[in-house]
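Here are my notes for you on this one. Keep the viewer open while you read, and check each point as you go.

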Amino acid sequence: MTVAQQIYVLGDIHGDWGSLNAFINKNIRHSKQIAELKAQYDELEAVILQVGDFGYWPHRNSININNSVDGIKGNRVKIFWCDGNHENHDVLDELQAGQPDKPFIEICPSVYFATFGSMLTLIDGTTVMFCGGADSIDKHFRIPRVSWWKQEVIDDADMAKLPPQGTKVDWIVSHTCPKVFNLRLQDDFLANKETDPSKSYLDKIFKAFTPSRWWFGHYH
């Protein structure tokens, strides 16, 4: 039996499940390209890698997540997302405490929170590591533990969750990016994101694992 995966990388969603499902409908469910691929393989699976700011604030929109995203499970679509700075980190911590041995925590059918340092191996052998987290430059205008959580930044405890140095890591999915990328931002608002302490930790990860591709969002 021949099996294939179609891989998509999505930027910040911020809880806009309608737009997410519209993307899935257009590019996966009703895509001519996907239909042609299905004819070539016995089994075809679509995988979405999402770079954080998924918008997981269950006190506000968990019902919307289940109502909107639940419908994709019959179409062989899986979503793996890392945390950004716009998630409810108290809830994410509770999920991890309740399932400490699970690198990917299913929040609703086919939708998985990728914990820090989690590793996903694609069908072609490509290994993907998730390293979520970033600092909110607007945290002074938000409410602690209601709309902002101090756990959002990468710290030493996160780094301890990484696989051993030397582990094969082809791609990294994160929310912000390492300092070494030197983005040379002209926009003052975006430039403020360069002081994020998470970026120095990501520098260490870049040096330790030397991925061939790095996917991130946050800069919008």
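This is a predicted model: local features need pLDDT of at least 70, side-chain atom pairs count only at pLDDT 80 or more; totals for chains, interfaces and linings use all residues.

1. Now the overall build. The protein has 7 helices and 9 strands. Its radius of gyration is 17 Å, close to the 17 Å that the globule rule gives for 220 residues, so the protein is as compact as a globular protein of that length. If you want a picture of the dimensions, the C-alpha atoms fill a box of roughly 50 × 40 × 40 Å along the principal axes.

2. What about the inside? Of the 220 residues, 50% count as buried. Take the contacts between residues at least 6 apart in sequence: 78% of these join residues at least 24 apart.

3. Have a look at strand β3, residues 77-81. Here 4 of the 5 residues are buried, so to speak mostly covered. β3 runs parallel to strand β2 (residues 43-50), with 5 bridges joining the two. β3 also pairs with strand β5 (residues 111-114), again in the parallel sense, over 3 bridges.

4. Next, helix α4, residues 89-98. Its buried residues are H89, D90, V91, L92 and Q96. The N-terminal end of α4 is capped by N88: a side-chain oxygen of N88 sits 3.1 Å from the backbone nitrogen of D90.

5. You'll find R142 in the loop between β7 (127-131) and α5 (156-159). Is R142 buried or exposed? The cut-off for buried is under 20% relative accessible area, and R142 comes in at 12%, so R142 counts as buried.

6. Stay with R142 and see what surrounds it. Setting aside its neighbours within four places in sequence, R142 is in contact with W57, N85, H86, S136, S147 and W148. One of these, N85, has its backbone oxygen 3.3 Å from a polar atom of the R142 side chain.

How values were computed
Residues are numbered from 1 along each chain as its sequence is written. Side-chain values use heavy atoms; hydrogens and water are left out. Buried means under 20% relative accessible area, exposed over 50%, partly exposed in between (1.4 Å probe, protein chains only). A polar contact is a pair of N or O atoms within 3.5 Å; within protein, one must be able to donate a hydrogen and the other to accept it, and residues adjacent in sequence count only if both atoms are side-chain atoms. Contact means heavy atoms within 4.5 Å. Two strands pair if DSSP finds at least two bridges between them. The radius of gyration is taken over C-alpha atoms; the globule rule is 2.2 Å times the number of residues to the power 0.38.
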